[in-house]
Amino acid sequence: MSDTSSTVPAAEPTHAWLITLQYPVPAGFAVTIQSGTITAASGSIRQRVYVDIRDWLTQQRPELAHGTVLFFSLEPYRL
């Protein structure tokens, strides 16, 4: 999946994310799993990064705006 970035210009990602959303479709519901990396500004909080990811996903796929989050993971981008 594509990368997103939070307030820091192009730099090495600081976090990897994974989100599973259930969203309405004419025949009921569909589920999508999206993932990527993000470069979070120093001092960023998890909630802000989550909102940035949701906003980015909604820009890419407007139908996800009304989705329900089934799973969200945000982990440091290192082993």
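Which side chain meets that of Asp-52 in a salt bridge? The sections below take up the charged pairs and the nonpolar core of this predicted model.

## Salt bridges

The partner of Asp-52 is Arg-48, with a distance of 2.9 Å from N to O. Both residues belong to helix H1, where they stand 4 residues apart, about one turn of the helix. Arg-48 has a relative accessible area of 41% and is therefore classed as partly exposed.

The count of salt bridges comes to 2. Arg-61 and Glu-63 also form such a pair, and their closest N and O atoms are 2.8 Å apart. Arg-61 is partly exposed, at a relative accessible area of 24%; Glu-63 is likewise partly exposed, at 35% relative accessibility. Side chains of opposite charge can pair when their charged atoms come close.

## Nonpolar core

The largest nonpolar core comprises 14 residues. Those with the most contacts inside this core are Trp-17, Ile-19, Ile-38, Val-49, Ile-53, Leu-57 and Leu-74. Two or more residues are contributed by each of strand E2 (15–25), strand E3 (28–39), helix H1 (46–60) and strand E4 (68–76). In soluble globular proteins, nonpolar side chains tend to be buried together.

## Contacts of Ile-53

Ile-53 is one of the core residues with the most contacts inside the core. When its neighbours within four places in sequence are set aside, Ile-53 is in contact with Trp-17, Ile-38 and Phe-72. Helix H1 thus gives two or more residues to the core and also holds both Asp-52 and Arg-48.

How values were computed: Residues numbered from 1 in each chain as written. Predicted model: local features only at pLDDT ≥ 70, side-chain atom pairs only at ≥ 80, totals over all residues. Heavy atoms only, no water. Core = buried A, V, L, I, M, F, W, Y, C linked by side-chain atoms within 4.5 Å. Buried < 20%, exposed > 50% of the residue type's maximum accessible area, 1.4 Å probe, protein only. Contact = heavy atoms within 4.5 Å. Salt bridge = Lys/Arg side-chain N within 4 Å of Asp/Glu carboxyl O.
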